[in-house]
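Please look over the sequence and the model below before reading on.

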Amino acid sequence: MIDHRLATLRTFASCGTVTATAELTGLSPSAVSAQLRELQRSLDITLFVRSGRGLKLTAAGQFLVRRSDVLVEEWERMRAGALHAGEEAPATFAIGGFSTAASNLLAPLGAHLRATRPGLQVRVTEADPVRCLDLLTAGRLDLAVIVATQAGAAAVGDSRFEQVELLDDPLDVMVPANHRVARRESVSLEELAEEDWITEAAGGPYRALFTAAFVAAGLTPKVTHEVIEWETAMALVGAGLGLGLLPRLVSLAGADNVVRVRLGGSTKPVRKIVAVTRPGGRASVLVRDSLATLHALAQETLKARIAEEF
């Protein structure tokens with residue numbers, strides 16, 4: 001297997017501090033520091049230097065981390081091949097994802113895996129996309145489902161990860177049940193330009209997606225209320241305090257006096273949801289089967305939303 005000290009170095013390179021590395025790997029900060037020192041001493045190469053109260057990678061350390069992606073990929077393929085050759089299956093399978101994915105995709109995937117592979121222990125972690133990527137690097141997850149835009153540039157073209165597109169999740173508009181467009185099949189943002197809007201605080205990923213949709217339409221939305229949870233946005237919409245955008249994957253079940261209407265017109269914002277593994281991860285039969293199941297679950301869920309709420 002990959003030298004555990006190299007795995008620790010890769011995690012440190014991903015998150016940037018010894019404390020964060022310790023939290024991600026389950027080690028103590030002193031153990032992380034000891035492993036980094038041992039690796040540096042055994043290689044006789046300066047991998048990191050002091051920077052203020054912390055450490056930073058040298059050019060040599062950065063090179064080693066980049067090139068180790070090849071080792072990780074080869075190890076993932078070797079392990080998958082050995083399991084297949086021996087007609088064995090992994091004992092555990094760790095999956096993670098953001099809140100909506102965890103409830104709508106990972107929970108049913110976990111149930112499916114337990115039913116079809118009784119000896120498999122499935123572990124589910126709910127986490128934001130950036131943390132999911134860090135947990136993949138640390139070896140704490142085998143497969144993650146993330147919103148690509150929330151992970152930023154961290155996953156795009158990054159050789160530490162392999163991505164598989166799962167679905168484009170359209171954003172619909174939430175309106176009160178007695179709103180003038182509530183019975184419409186679709187509505188454009190231009191028609192709602194003067195409405196009060198409810199969205200995430202500035203600086204957040206959904207606020208960026210929200211703003212981009214209006215900018216593409218040449219509009220400036222009047223943001224009146226800022227929220228954190230979808231449930232809060234639903235409650236404010238139901239109270240008649242404004243409108244909000246809602247991913248179709250998110251259910252309106254339990255929301256009072258709220259309906260969703262498709263967005264029409266030239267701007268139809270979507271959030272791209274992808275599955276991510278370490279390089280070589282798809283050599284695993286378990287990962288491939290899970291990806292196929294996730295694809296099916298995603299399509300079934302979107303169809304169910306249409307049947308329930310439109």
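The model is a predicted one, and in it aspartate 44 belongs to the loop between helix 3 (29–43) and strand 1 (48–51). Although aspartate 44 is not a glycine, its phi is positive, at about 60 degrees. Most residues other than glycine have a negative phi.

Glutamate 87 is found in the loop between helix 4 and strand 3 (92–97), and its phi, near 50 degrees, is a positive value in a residue other than glycine. With a relative accessible area of 75%, glutamate 87 is exposed.

At what angle do helix 1 and helix 4 pack? Helix 1 (residues 4–15) and helix 4 (residues 59–85) meet at an angle of about 125 degrees, and their axes are 10 Å apart. Because angles from 65 to 115 degrees count as roughly perpendicular and those over 145 as roughly antiparallel, the two helices are described as oblique to each other. The crossing in which helix 1 passes helix 4 is left-handed. On the side of helix 1, the residues in this contact are Leu6, Leu9, Arg10 and Ala13, while helix 4 contributes Leu64, Val65, Ser68, Asp69, Leu71 and Val72. Sorted by kind, the residues of the contact of helix 1 with helix 4 comprise seven nonpolar, one polar and two charged.

The last stop is an aspartate in a strand. Is aspartate 169 buried or exposed? Aspartate 169 is buried, because its relative accessible area is 0% and the cut-off for that term is under 20%. Its place is in strand 6, which covers residues 162–176.

The side chain of aspartate 169 has polar partners that can be traced in the model. It makes a polar contact of 2.8 Å with the side chain of arginine 271, and a polar atom of the aspartate 169 side chain lies 3.2 Å from the backbone nitrogen of arginine 248.

Conventions. Residues numbered from 1 in each chain as written. Predicted model: local features only at pLDDT ≥ 70, side-chain atom pairs only at ≥ 80, totals over all residues. Heavy atoms only, no water. Helix = DSSP H or I, 4+ residues; strand = E, 2+ residues; numbered from the N terminus. Buried < 20%, exposed > 50% of the residue type's maximum accessible area, 1.4 Å probe, protein only. Polar contact = N/O pair within 3.5 Å; in protein donor to acceptor, adjacent residues only side chain to side chain. Axes fitted to C-alpha atoms, helices over the stretch in contact; angles between N-to-C directions. Parallel < 35°, antiparallel > 145°, perpendicular 65-115°, else oblique. Left-handed = near helix turned anticlockwise from the far one by under 90°. Contact = heavy atoms within 4.5 Å. Nonpolar A, V, L, I, M, F, W, Y, C, P; charged D, E, K, R; others polar.
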